[in-house]
Structure formats: structure tokens, C-alpha cells
2 protein chains.
Amino acid sequence: MLRYVLFVLLACTAPTVVQAQHAGIFISREDARAIKEAQGQYSLLDQAMALARKTMDVALSRPMEVPNPGEAGGYEHERHKQNYREMRFAGLLFSITGEEKYAAFVRDMLEAYAVLYPTLGPHPLAHHQKPGKIFHQTLNEEVWLVHTSIAYDCVYDWLSEEERARYEANIFRPMADWFHIRNQAEFDRIHNHGTWAVAAVGMIAYVMGDLSLVQKALHGSNLDGNGGFLRQLDLLFSPDGYYMEGPYYIRYALMPFFYFAEAIERRQPEVGIYNYRNQVLRKAYYAAVQTSFPNGVFPPINDASLTMDVGAPEVILANALTYDRYGADASLLGVAKFQGRVALNGAGLKLARDYDSHEREPDMNWPSVEFRDGHDGTSGGLGILRMGRGGDQSMLLMKYGVHGGGHGHFDKLHFIFFDQGRQVIRDYGFGRWINVEPKFGGRYLPENDSYAMQTIAHNTVVVDGMTQNLWDEDDAEEMSGQRHIFDAEDPHAMVMSARADTYYDGVGMQRTMLLLRDASLSYPVVVDLFRLTSDEAHQYDYPLHYSGQNITSNLTFETNTDLLQPLGEEYGYQHIWHTARAAADSTIRFTWLDGNRYYSIISAPWPETEVLLGRTGANDPNFNLRSGPVLVIRRQAADHLFASVIEPHGYFNEARERSEQARPSITEVRVVRHSNAASIIEVTGWQGLHWRIMISNRRIGAEESHTVTVGSQSYQWTGSHHVEFLSGAGRED
Amino acid sequence: MLRYVLFVLLACTAPTVVQAQHAGIFISREDARAIKEAQGQYSLLDQAMALARKTMDVALSRPMEVPNPGEAGGYEHERHKQNYREMRFAGLLFSITGEEKYAAFVRDMLEAYAVLYPTLGPHPLAHHQKPGKIFHQTLNEEVWLVHTSIAYDCVYDWLSEEERARYEANIFRPMADWFHIRNQAEFDRIHNHGTWAVAAVGMIAYVMGDLSLVQKALHGSNLDGNGGFLRQLDLLFSPDGYYMEGPYYIRYALMPFFYFAEAIERRQPEVGIYNYRNQVLRKAYYAAVQTSFPNGVFPPINDASLTMDVGAPEVILANALTYDRYGADASLLGVAKFQGRVALNGAGLKLARDYDSHEREPDMNWPSVEFRDGHDGTSGGLGILRMGRGGDQSMLLMKYGVHGGGHGHFDKLHFIFFDQGRQVIRDYGFGRWINVEPKFGGRYLPENDSYAMQTIAHNTVVVDGMTQNLWDEDDAEEMSGQRHIFDAEDPHAMVMSARADTYYDGVGMQRTMLLLRDASLSYPVVVDLFRLTSDEAHQYDYPLHYSGQNITSNLTFETNTDLLQPLGEEYGYQHIWHTARAAADSTIRFTWLDGNRYYSIISAPWPETEVLLGRTGANDPNFNLRSGPVLVIRRQAADHLFASVIEPHGYFNEARERSEQARPSITEVRVVRHSNAASIIEVTGWQGLHWRIMISNRRIGAEESHTVTVGSQSYQWTGSHHVEFLSGAGRED
């Protein structure tokens, strides 16, 4: 308590006020003064100030509105969200500029909430969520309090004692109680909702000077360490900082994690929050941004939007704080460039200043990287291979970690291929039109469960037409994928391999994916070896969710021209119209056009194989799904290897009426052998293209050597894998 | 002939050659010297030179290839196309720089063609086109000769007499003969293929010095004026310069029109080609670019690509020549800005110089405009209404002119609404994957006939499920739409109206479209009054081809969730999957999301109305069609008025998770009265929005006044139309 008193005496936020001052949880008096003096000097800071001022100019020009609660996504809901944004901006602008109109705005709005809030009971339209009072769910209300805490903090000293007492009695105390007493389970939950809850309560507690309440936010409502912020930092991240729900949700959770961490560091530096668990917050931030596609968009694995990117406000906040607290890193300047503005505190100022004085134009350029998953790092992981730089980087992502809670998808060994600035082999993302009120209130749609979460909605093999774990989340939470190979050292041949053995009874699954660059081809090529083993025969469906226009195939398709039916009855198949079918017992070649490039899958021949084409949208009475194509390679087998190449090729520009190389260079993929020991593949194509790919399917030492003899041909390699480019062009770039 | 001799003595192209010189058909010696001296001074000229040099650097670094002919869109086809591009660039670069490597490139390639061409017979893969020898159709070969004529012209004096004799004997003479003797009908045809033919023959004739051959190009193969360039200028354009095939094909034809015109002007200025028919070439160019959407893309009416824009090489050429020959116009500087480079001759130099010295940043900003159609201007027209400026301009286009030849669509009274930088109510464009060899050789697909040309593929009413003129092109060519109203004077209420009375036996059709700006709404709104009259009852289908995601409706749709069938059996209906149906006898409201904006149609109530939803792609065995949604309002009636409003509203940003105003402001459209004399409509919505729209359906004088009394309400107006904004906001912007 002594330290707190000292802070109250020494620190301050509002530069125009001379009385003994309150310590800031986000912006100090020195920060504020330095930002004021820096106006017009640093582009990213100026942009941030311009946005804040513009938002407030609009807000101040209109009548203030604190309406009665409304439905999710509706006008009142959006109004209350806009209110907390405006209060936060007003608080920060008051701190920085000292202009009292901003402080008065916060006061007037808090007065209105102090009248409204005591009149409210639980929101009647919570549906399956925990109700708030202003909003339909507590989650939104916790977000409201996180932002409003900063606003209140900024004007604290400017307010009269009576005003503060009124707001705390009528709003903040009862709201904090609602979160940590009435919703105790949520408060103690190891989940992003729990993070918002503890951040909201902890931050308002710091501002109100209630350190005992802060303790609950840090250590759980019972102070036993089974809940609370620190426990969340222990369990929600892997040792590599990977967040169990995936990139979209860590993006969301970055805000409470970093706002609350910054408040702790400023008000209780003795906690050492930024060093906690070997700097897990640093790792968490890097693990978030390093998953992003070359265009800055987060891969939409698990429940996730297709378009959320590193320009999001939460990432802007975390970027500045990471830069400030963990040391200058030029790649974070690249993120700042993408973001176009900085957070409005001392960290943002520092980032903006360094950005303008950086010699070269900074850019985001992330490495190929594997993140271990699970809180102890033993539950599989996420692998990302990257070739090339900038906008035309090729990126291959494979998911083999934990299920990821209620937002997890049943998609182990799923992959995404990103090329030409877009998801070429894509993840559907969530089934949700976020905040679109007429679409189920903007909430998760029934089709999120019935389609988006199901295995067939992903690019991973479906066994017997059923979803992994039979769509049982509890079952899925008890297992994880297993890492096998991750090697991105060779810029011409990057490899990752993982297993998922317990997701279907009696079926072992291993997927090995390579990104290869052959100098005779224009673009890196994906090699995909999906191996299944079982004592019994099963139906194996290998789906590829692509985009664009079907161009050609060596197969003869029977197209369903005048009658369409769903591809199945359950596990997501009921949502796919079955558009065409072909039989195949030789190499499968299928080419489509996506944007300015052609793409082909060339898949190794197996007897009695079927290729099915489909399009999403069946059993969708309210048109909640997007319409998009899918290709499924189907075979009945016990042990099986889907061995395929995905080749980007050629060029198409409709406006310029140019088309080049509409057919792939690669013509054949041949499985030489596959067993529990190894898989050996030969890939051949035009102009003598010839690759040999050898993969060890068992865990072996880097020095261990293999010899496999097939007929008169002997295959030899050392370590987990080997790729030979036998053609003339080969690896000479 | 005397004049020609003088030109040979006085004019010249290749600055390094000192002998008596050949007169240039595109670039003079003075042009070339001035361009050389201007290097590094004008951005658009530098870009043009950089492209030429880069193209030639690549070409010179690789072995020259003049392969045997191949199939349309295949490698050899593309190679021959690239060859003429390279020859033209090499010729121009030789003229400008005097570097002999460029002249040698043209010579070496002509040597190869002089060996190849005499060995060739008619191309065996012409399918339904007229065969060329190098290419599958003469059209491509004529394009080859247009470009090659310029290259040959540029190096003419540099070549030896023997070389020239060889190329003329082995290539140019027999090729010109192939075009004007063997393919005489095509040569004399009043059509863009004819234009390419006469331009190719005329241009090479100028270079070879054969003025009698030029006469055939100008006046037809029989010199009787029934064919040839001048006759084409008489008949292919309306007095306003509108081209009967539409914007996509005039874009293509701009190249032979302007290359040949420029050659005529330089070699036979006495023809006065640029003044011919009251400067029809000037009008033609402006009519082309003034149809373009705010993003520079040409509207895809008739057979047309969805993406062709004013940056196309043909438009770059015509822009410079129009600027040079018809006087400086700042809007053409705006086109040049979009194009990013200029043509490489004196006209391009002038444009580039003026662009850099222009005070303000130039932009393309076209007016609302109506073009009369038909060579004498009496065959209906094309109306374009525009509100706003720059990228967020709203544009409404209605088509009520002639059929437009073999590339015409059966789509009279069709409209396109462009908003938010995209076609919101869209035209399908052509059924063709242009130059994509595996897609039917890149040619027009069967689905172009069976779907893209049909009435139901457009946004115009289909009567009794049949295409206009029963899909008979000859029948369609005998009629046209008729202009009624075009008034874009009032920036808050623009109106166009037209009739199409003979397209269905016994059915009269009038469409009146308005673009209205009410200060209480964020965006201009479309009002659409489609009136049908008949003595007998018919089925009237009102289709809207939109894009994006269905959001909400006041109707209850029965969705076909587990079985899809086509919407019909013929006239294009067989290509539309029937996805849902609703019955309506009150106001119809239907909202969808497209990009960052919501759109709603609100349509006046009529008893026993059906609303059908569909999606293209049925009866499409080779997946040649794109998949997209359509809404059809269907009613059985004799006289009927579809009275609808299309309102853009709100905002959606998935990445920022913002959604605002997902429901329209306009709630009701009411038909007060419709008759052969007038239509009176009331539109009402939130916050007191109330409009009255009065349209005279007969041709009347501007001073004539109307009074219509309905019950106790009296409607009075003067002239063809009147719009009253009765709400508070109204027209005060």
C-alpha cells in the first residue's frame, strides 16, 4: 500500500491539474507532455492523434446518447460500443492536450451511465451467453469497462470527489461485482472471456485504488491461483507463446492481456509481469503476428474471420507495448507501417519516433516457424513454411496442435496454402456474419456448428464420412497432434510432418508437406503426402477447398447438370451440393483458375479412386453460407497414401486478354513405396523435371541413414527426409 | 502520285539513315528526334519507353521463335502475337534511338516469316471463323499485319531493296491478297473485322507505296463505296459516335480506326479523315471513354469482358491521337493518368508534356450523357446517369439502342447500377474465358449463346419465359428501343426513360429509371419503373443480378435445401438453379450485402406475386459459367408496373467488425396510378422520408402541364417528369 501512496503523490496524468495526482494505468504525465510536444513530427503519431481528434470532433458535434440496452448488433448495442471508444479517446486527448472539453465529455457520459446503470437488470436477450446489463453478454460489458477504466483514469484528478464517488457507487463497483461475484466462474475461467473479465476488474480496481480487488484479478476470485491473470498466462499459451484458440482469438485477447499488463507494470512493477514465465507476453505477441499471411491477414483457423489483420486496434496496442517493453525490433516497425498509426502513450511515441528515423523502409518479413502447442509444449503444434518475400511470398500452414476450446475446429492435419496474395487452398473461417444484426444478431450461426467446424469443411482427410472425434469437443480436448519433422533450413526444400493418431478409432494419420522451389518453375510447389493406416478398410476423403473457376482435367466428369443433391447427410456433407463425379485409376490432374494464376493438383494414381466436385450451400435455409467449390478425392482402403502436388502456374489477365501456360508442368506423381518406415515419391514433368522425395515416417536421428531398395533402384538418405532435384534446372536459382 | 513522291523525298523515320527517305505512317523523323531528346523529362513518356525497352530486352535475350501455327490460345498462337508486339516496339525504338539492334530484330524476324509464310495454307483449326494462315482466324492475322506494318515502316529505309522485295513478295503481298481477295466479303463487311482488314491492307499498302490498294481499303474492294473504311465510319457509329457493338468492341476497334486514320492523315491529308462525318472519330473516342465506369472499366454490355478498361493499349493509342488531332482536353490528361503511359509518337510526346505541366492533378470525370444509337441516330440509345465524383460515383446505365450485330445481346431496357467501385446490379458479360486455351480454345463458349446472350441473363423483364425476338438475331436487327426522356440537369433527380415495344408480340414495354439524392440518405438511390402493357395476360419476370450475400427479407422464403433443379428449360432459365421461392402480396423488401455496403430492393405490392431466388450454374457440364445469385419478381398480368427502389445503405467491415444500418431507410413504394398517360409513385421511409414521382408516359412538350386526381389527392406537374422531395431533409445537401 505504501508504494501505491507514493505513486499517487508522484505520478500524474492530467497536465493541467496541479493537485496531488493519481498514477496513470496507461499514460503518464510525462508520456502525455512528450506526445503533446511531438505533434507534427512523427507521421504515425500524427495519424493516431488525427484519428482521436476526428472521432471526438464528430462525437462532440452530436447530442450525447446513452440509450437503453438493445439487441446484439443493433443500434443501441453499437452506440454503447462507440461510447466507450469515445470516452477512451476523450480521456487520452484530455491527458495529452489538457483541453477540458474532453474531460467534460467523459464526465457527462459517466453521469448518464450513473443514472442508467442502476436501473438495469440482466439483459433479456443473452441467448446462450452470460448476460451483461448494458450489453446482451458480459463479454461486451467487460470490454466496455476496460476502455472506460482508461478514460476514468485520465480524468480522475479533474473530477470532483463527489463525481468519483457517484460513478464508483453507481457504475464501477456494481459492475466489477457483477463480473467477479455474479459471474465468478467466467472470471476464473482460463479462456479469453476470463481475460477480459480480470483485465476489466483489475484495471478499474487500480484506478479506484482497490489493491485487494486487483489481487483477485491477478490470482483468481478465491486468491488461490486457480484462476486469474497469472494462471491464464500459465495455461493459455504454449512455451512458444502460441495461443490455444488460434490467431484470431489471440488478436482479440491481446487487448486485455496488454492493457492489464501495462497497468500492472506501471502500478505494481514488483510483479514483473513482462518477465513472467520467460517473457511469455513477448512470445505471445510474436507468435500472433508471425502466423499472419504475407498480406497481414491472420489465418482463419478455428472460429475466425477471413479478413482480420495485424492492423487491428488490439495489435496496434500490443505492437507498441512489445516494442517498448522488450526492446526495439525493426520487424515491429514493419508492423507499424502496415498499421499506419501507434498507440497513444509513451510506447507509441517511442515507436513512432524510431519508425521515422529508421534508415530503410521497414517491412514485415516473418520466418518459417513452428510453434509448439499446449501449455507445456508437448501437444503438437502449428507449422508455417514461407518462400519468397513481400506480397508474392508463398506460405504453407499446417495445424497439428490442440483442439482449442469452444472455438476449436475438428481439423487436425488441416492445411492452408497462401499464394498470390490470397488463400489459394482456403479455410472457411467461422460461420458468422459478425455484428450483422439481421444475420442471427451477428452471433455464431447454426451453420458454424453444422459446417464450419466439421472436418469436411477443412483440407484434411475425412474417414468414413465422419468428423474427427465424432464432433465431440470434450473428446477432442483430450488429445492433440504430434510433431514429427519441421525443417525450413534449405531454401529450396522445406518440410514439415506431423501425426494425428487418435482422432478416428483405429486409424493412424500422418501428413508430410513440402514447399519446393525448382528453378525451372515460376513458383514454389506444394507436395502433400497424407498417409493413413488401419487394420480395416475405410472410406478416405481428401478434400481441397479452392476458389475460382474449373479449367480442365484429364478426367471425364459426369456433371450433375439438371439436379443437385447434397454430398451426404451429416458431418457437414449435407451442406455441400454434389456437382460432379469422375472415376480415376491413373494420375489425377485437375486445373483451376484463381485470380491471375492457374493452379493444378496432380495426384498419384490408385485403383478405383473417385473424384467428387461440390459447392457449399446445401441445407442452408437462410443463405448463411458462402458459395464455394471443393474437390474431394475418395478411396476405400486400409493403408493409403494420398500423394499430391499442387502447382501454381502460368498467368491470366482478362483485362489484358493474356493467358500463358494454362496447363501444369508437372505431369506425374508416383508412389514408389510407403510403409511405417518411409515414404518414397517420384515427381516428373515437362522438360525433364524429376524430383525424388524420401521421408522417414519414424522418429530417427539426424545422422541415421536409410536405404530402401525397390526393384533395381536403391534410395539412400540420411536423417528424417531428403529431396533430390534430378532435372537439369534443379535447385540452381 | 506526285504527292507521294514528294513525301518520299521530304519525310523520314529513321534518323541515322541519310538516303532519300520513306514517309512514316505513324511516327515521323521529327517525332522520333523530339522523343529522343525528351527522355527523362516526362513521366508518361518515360514509362512508355521503359515498357518498350524492357519488352525488347527480354526479346533480345532469348532465341527468336517463329513457330509453325498452333491452336487458338496455345503456345504458338501466343508466340506469334508476342512477335508482332515485339516487331512494333523494335521498329519504334529503332526510329527513336537509331540503335541498329532493333532494326536487325525486325529484319531477322521478317526473314523467318518470309520463309514460313509461303509454306502455309489455310489454318485447319478455324472452326467457325474465317481461317488465317499463321493464326486460326484472319482476324488475328490482320492484327498481326497492322502492327507489322508499323515495324516495317520504321525500318523500311534501313533494309536493302532485296530484303524489302523478299518480304513484300513472300509475306505482305500474298497476305494482303488473302485479306481483300480471298476474304473479300469480310474485307467489305461493315463490322470491326472489316475494320481490321481494311486497316491492315491500307497500312501495308501505304508502306509498300501502293496507293491503288489504299483506295480499296478506303472505298471497298470494288471501289464502289459499299465497303471500306469510309463506309464503316458512316455506318458503324451513330451521329453521337456511339458504336453499335458497344464499348468493349469499340475499345478493340479503336486500334485499326486510329492507326489507319493516322496513316491516312500523314500520307494523304487531302482525305481529311479526322474531319470526316463531322469529326466522327473524335465523337467515337469520347463516346467510348464516356461510357466507362468510375473505375475506368468499360460496362460489359453485349459480348464483353468484365474487366476491360481504359488502360487498354488501344485506348492509349486513341487517347494521344485524339488529344493531338482534336485539341487539348484536360479530361484526356485524366485518362492518360489512369493509363500511366502514352503512345510512342509525336502525339504521345505532346500529351506527356502537357500532362506534366498541367496545374491540377487531372482526373477522369465524365458527365451524365445519352448517346443516340443507329447510324442516323434514330434507333434508340444508351443513357448514363452519374452522381458524385471520383471512385465513389454512382452510375446508372440503361441500354435501349440497336441489337449490335453478332455480339449483341437480347437485352433491350437492361440496366447496370455501379456503386462503391463495382457493378452492384451487374451484367454477366460474355460467356468466354478469353485466350484460355483449355476452355474451348479461349473462344466464345456454347454458354455465351445459351445463357449470356439471353434476356434472363440481364436486368430487364422477360415475357412468358422467352428471350426477346425469340433469340432471332435477324429479327432483333430490324428494330431498336426508342428514346423518351433523358434529363440529368437536376443534380438531385436525374431521369431517363425509353420504350421497347416490338420485342415481344403484343407487349409494350417502357422503363423509366431515376437516380435520386435525398440529403437524409447516405447514397443516391435508384428508382425503377418498368411498365408493361398488353391486351392479354402474360408472365412477367423482373430479374436482378446482384452479387454478395443474402441478408434479410420481409418475405418468408421456402428454400430448396436438399434438391436443386433449374428454373426452366430454355432461353437461359435452364442455367439457373432455383434456390428459393416466396409468395408476396404486399411490399417486397430484400437486402443483400456486397462489399462494404448493404443494398435493398423495395418493390411496390401487387397481388399474387412470386419472388424466386436462383444461382447460375445449371446445365453447365464443363463448368463454363460463373456462379452468382439472381432474384426474380414474377407476376401474371396484362398491364403491369414493376415499381421498385434500390437503396444502398449502411456499412460493413468484417476486418474491423463494424456493421451499421443493415436495414433500408425506405420502407414502402406505392403505385398511385399508372396508365398510358402517366405513372405516379409514392416512396416513403424512416424519419418522414417521402417522395412523389410523376412521369409522363407520352411524348409531351416541356411546357405542357398535367393534372391527375386520385381520390382527394391531386398531382400536378409540367413537362415529362417531376420529383417532389416532401420530407424534411429533401434536396438540401
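**Stop 1: a loop in chain A**

Select Thr378(A) and show its contacts: Thr378(A) touches Asp373(A), Ser480(A) and Gln482(A), leaving out residues up to four places away in sequence. Keep in mind that this is a predicted model. Thr378(A) is found in the loop between β1 (369–372) and β2 (381–387) of chain A. Along the sequence, Thr378(A) and Gly481(A) are 103 residues apart. In space, their C-alpha atoms are 9.4 Å apart.

**Stop 2**

β7 belongs to an open sheet of eight strands. Trace the order across chain A: β7-β8-β9-β10-β20-β17-β16-β12. The pairing is antiparallel. Look across the strands for the twist, which averages 15 degrees from one strand to the next.

What holds paired strands together? Strands of a sheet pair through backbone hydrogen bonds, either parallel or antiparallel. For an example, select strand β8 (residues 493–499) and strand β9 (residues 507–516) of chain A. How many bridges join β8 to β9? There are seven, and the two strands run antiparallel. Pick out Ser497(A): its bridge partner in β9(A) is Thr512(A).

**Stop 3: a glutamate in a helix**

Move to helix α4 (residues 75–97) of chain A and select Glu86(A). Is Glu86(A) buried or exposed? Its relative accessibility is 6%, so Glu86(A) counts as buried; the cut-off for buried is under 20%. Show what surrounds the residue. Beyond its neighbours within four places in sequence, Glu86(A) is in contact with Thr55(A), Met56(A), Ala59(A), Arg79(A), Phe105(A) and Met109(A).

**Stop 4: the nonpolar cores**

Switch to chain B. Select Trp144(B), Phe172(B), Phe257(B), Phe258(B) and Phe260(B). These touch the most other members of the largest nonpolar core, which has 140 residues. Helix α12 (residues 247–267) of chain B gives the most to this core, with 14 residues. Zoom in on Phe258(B). Setting aside residues up to four places away in sequence, Phe258(B) touches Tyr274(B), Leu281(B), Tyr285(B), Leu317(B), Ala318(B), Leu321(B) and Thr322(B). In soluble globular proteins, nonpolar side chains tend to be buried together.

**Stop 5: cysteines**

Select Cys154(A), which counts as buried at 1% relative accessibility. Then select Cys154(B), which counts as buried at 0%. How many disulfides are there over all chains? The count is zero.

**Stop 6: a four-strand sheet**

In chain B, find the open sheet with the order β23-β24-β25-β28. Its four strands pair antiparallel. β23 (666–674) and β28 (721–725) of chain B are the edge strands, each pairing on one side only. Here the twist averages 10 degrees from one strand to the next. Now select strand β25 (residues 690–696) of chain B, which pairs with β28(B) over five bridges. Find Arg692(B): opposite, in β28(B), stands Glu724(B).

**Stop 7: both chains together**

Zoom out. A rotation of 180 degrees, with 0.0 Å of shift along its axis, superposes chain A on chain B (RMSD 0.0 Å). The two copies are thus related as by a two-fold rotation axis. Which residue of chain A comes closest to the rotation axis? Select Leu564(A), whose C-alpha is at 2.5 Å. Finish at the interface. There, 100% of the interface residues of chain A are also interface residues in chain B, so the copies meet through the same surface.

Terms used: Residues numbered from 1 in each chain as written. Chains lettered and ligands numbered in written order. Predicted model: local features only at pLDDT ≥ 70, side-chain atom pairs only at ≥ 80, totals over all residues. Heavy atoms only, no water. Least-squares fit on C-alpha atoms with pLDDT ≥ 70 in both. Contact = heavy atoms within 4.5 Å. Pairing = 2+ DSSP bridges. Axes fitted to C-alpha atoms, helices over the stretch in contact; angles between N-to-C directions. Core = buried A, V, L, I, M, F, W, Y, C linked by side-chain atoms within 4.5 Å. Buried < 20%, exposed > 50% of the residue type's maximum accessible area, 1.4 Å probe, protein only. Disulfide = S-S within 2.5 Å.
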